[in-house]
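Please look at the sequence and the model before reading on.

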Amino acid sequence: MPPALSRRRFLASGVAGATLLARAPAVLGQQPRELNVWHTEVEPQTVKVIQDTSIAEFEKKFPGFKVRQQALSWGDLNTKLLASLAAGGPPDLTHLNPFMTASLHTKGLLRPMDELIRALGEKDIHEATLKLQYFDGKYYGVTHAMGATYFAERRDLREKKGIKPPETWADMLQLAAALTEDGRFALQMPGEKLYIGFVHPAEWLAENGGSWVDPKTWRPQLNSKAMLEALEYAQKLNRFQPQGWSGQKYLDTLAALANGKVAMAHLSGARTIGYIEKYAPEGTRDPEHFMPLLRPHGPSGKVGVSALDGENWAVFTQSKYPNEAFEFLRLFYKKENYLQYCHSVPIHLSPIFKSMLTDPAYLANERIKKWKPWHDVMMSGLRSGRFLPIGFSRPDDNVLPFLAELDGSGIVADMVVEVMVGGKTPKAEADRAQKRAEELLTQLGAKRWS
Amino acid sequence: MRKNALAGWLLLAPSLLLIGGLILYPIAYNLWLSLFDKHAFMPVQKFVGLQNYRYFAGDPEFWNAFYYGTVYAAVTMVFQLLLGVAAALLLNEAFHGRALLRGVVLFPYVIPTIVAVILWKWLLNDSYGLVNYLLLAAGVVRAPVAWLGKDWIMFSLVLTSVWQFFPFVVVTYLARLQTIPPELYEAATVDGATVWRRFLHVTLPQTSNVLFVIVLLRSIWMFTKFDTVWLMAGESAVSRYVRTLPVYAYARSFTYLQAGMGAALAVIMFGMLLAATFVYFRLFREEEVLT
Amino acid sequence: MLSTSFKPSGEIFATPPGLVPARPTFDNFARLLTETRFLTFFENSALVSAATVLLTLTVSATGAYALTRFQFRGRDSVAGLILLTYMFAPIMIIIPFYILVKQFGIVNTRLALVLSYTTFCLPFCLWLLRSFFQSIPLELEEAALVDGAGRGRAVWYVMLPLALPGLIAAAIFTFILAWNDYLFALVLITSDDLKTLPVGVNDLFNATIVDWGMIMAAGVVITVPAVAFFMAVQRYLIQGWGAGGVKG
């Protein structure tokens, strides 16, 4: 046989052989069963904690199983989730945005988890998150951790000017004007579509007596008085931001706050602390200089609202190993494991259990001790109802099955950006957005108004 | 030339299998799906015929995306061509360090898109980017320019895209340049031709084939380009100012969650490219290059 | 990019941005290798890319050979087909592709990536190698056959060496595509230890605290081997792509 042909054959058979070898374990039936767990906490230390605590304990308890955790950003999670759902093979357990959960539930894609909730202690779970995925009398999700958001401000700068914390939007504009000087801007908003086009508009609506849609007819309210006032507020506030804010990201605003380019980060959670510790000038890395500031309310509203970050775990109807998924969650929320999990990004990942929030073992963490005022602001905010889940304009928005699509369509984002960055008139843009939103909801089959 | 048809098909079989299975099937799937109304979460769909297409014909967002997509493809292709050809002509001349320069020129094409985008977003950042610092220091501008903001984002995107892909043109064109017989140039010089005339009368005709293919391929690839556009500004507030057709198609499927409509957009893009290619071939009649 | 990778954290945001680090440090590189799974990503990318190049070359070479040395109906229309496959935006292929891959049971394997990259490179490589083979006179092969060599030997010892530039060109194009792909690696791979470089680097970018120093270090480490490899073989590449475009 001529050497050339045999060499080519060899290559070809090599590929075929490799294919066979890859499938062999499946064929031989010796492959361990895999529990697929997807989540959005991409910090390396959190991934490690999950691996070392919950996964290790789970694999010891269920020797035939291997847990495959996947940490993804929201955008990536969305893409993969869609691909897997289309193929009929979603992960066993995943994080979901609360505003997406209803959409999945109404299509019958989620499993109830009442037993798990009861095992975790219904009464111990904080009210702010307990009923978020409570549909038709059953629980379909449980929040993995809570993270309050607010402004993060240079408290020392504001106090030097003698200005009180702003209570109304008008106050806020005055504060912004006062803090913009010497090449420094008062604030910076995150430039991502999700925040400026969904999270913040939801907050503005909530703190100005508005809502995404009429609660009964589901008719969009994008050109309502509440929204128009919000757009005017945003347009005015824009003057006190660096001009290129729309091209930067949320994390850039935190860096800008840390190194003094702006006096306030418009959206901030406890992640900001990490930036302060890393990039702020020496001597300012403490709560005397950097503090959270709760949001003001609008002219038509009563109390300021900011977003409560907290994805919920969910198990699919089509999940391959649902029982094991629930078992995993039990281990995840076990006190020793959960404590370490929350400590991996302190304060940003706050426990959902009321008992843990005041537990000395939890509070003994170094960072929490140093930055205790931040934790306290969250606690007081929770008590006075200053937080709503991300994207919600009212507490009952959890049942709306089209928030994910509304956010994804960018209709609201386009409106806000055209007003803020494009300088267009709010009324015209709001009317256009209203028309597009009505069209979208009709296409999705959610039209209940006439 | 052996006329053994069977052996021929056998040897071709693996290629056809892979292409047929892994590309043609998804294309067919999209064609089929575009005729349905399907929510991206659900494995079921409702037949609606050409409704999705009719919708897009009247959708301002679609025409917006078409405009941005075509502008993006055309402008980037033209500049990739000009820059690439110029660089190739330069690198065709002998000088010290030519080999090194050739390697450096290829750098943008070699790195992953994510790295290229990160790099340019870093440079063009209005607060701490190098570009603004240099411009301010040189006195060219008085205030930092918002390169990634509404007014300049398309420009920045084009800049990044041209930088990223012009090496393809360089390499392809340079290769052809190197095979042009030097006698042709000598003859022209003897006839008294200037550099420009030599280019017009010797270089251009000799490389017209390659140019034809380069323009075609780059146009197709820039028209369907997704990665660079999305990574640069897809999730940013200013995304609507660079919302090209591929981005809009992706959005309809993955964020509006309307999979049937996204598929329809993909099919529309495909149809547009088919039509454009057909016209292109008719105009320039270079079938010999492909057969 | 190079200079930022050597700067310590405090310096990175300083205004004015300095081109040369005041206190250069290898810290960013060290942390890249120890705190993240960069080496794993690198290994995966390398394996997948190498396998893709091997598979693509084999399949496209045989296919191109068939297209040039054999006469059969439909031969020329296959050439047109090649162009057609590139007109469909890859982004829309991903979901049906994923469904297919799932049905074959090879989700979350490097094999799935290799197959998908091969498929994307095939059309271009087929076209490229076909042009090459066409430009190699048949007489050379016939001469070898006359001298008593078997067909296989004739191909291996006569034709392939002449077509080497074309093969290298195809190899480089394939390598770059496989090395740089993001979308398919994202969707088809679900476990952390099989992730490739582009996906891994993007994770860094999306992490809590964007560590610019580390990201730039990653960028440098990704680029340097590719560029070095490239500079080494660029001689062949240029010859390769050139001859491919020539007719006769």
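Predicted model: local features only at pLDDT ≥ 70, side-chain atom pairs only at ≥ 80, totals over all residues.

Residues are numbered from 1 along each chain as its sequence is written, chains are lettered from A in the order in which they are written, and side-chain values use heavy atoms, without hydrogens and water.

**Two helices of chain B**

- Helix α5 (residues 113-124) of chain B packs against helix α7 (residues 153-178) of chain B at an angle of about 135°, and their axes are 11 Å apart.
- The crossing of α5(B) and α7(B) is right-handed, that is, the near helix is turned clockwise from the far one by less than a right angle.
- On the α5(B) side, the contact (heavy atoms within 4.5 Å) involves B:T113, B:A116, B:L119, B:W120 and B:L124.
- On the α7(B) side, B:S156, B:L159, B:T160, B:W163 and B:Q164 take part.
- Six residues of this contact between α5(B) and α7(B) are nonpolar, four are polar and none is charged.

**Chain C as a whole**

- Chain C contains 11 helices (DSSP runs of H or I, at least four residues) and zero strands (runs of E, at least two).
- Of its 248 residues, 64% count as buried in chain C, meaning under 20% relative accessible area with a 1.4 Å probe.
- Among contacts in chain C with a separation of 6 or more, 75% come from residues 24 or more positions apart.
- The accessible surface of chain C (Shrake-Rupley method, 1.4 Å probe) is about 8700 Å², and carbon and sulfur atoms hold 67% of it.

How values were computed
Axes fitted to C-alpha atoms, helices over the stretch in contact; angles between N-to-C directions. Nonpolar A, V, L, I, M, F, W, Y, C, P; charged D, E, K, R; others polar. Buried < 20%, exposed > 50% of the residue type's maximum accessible area, 1.4 Å probe, protein only.
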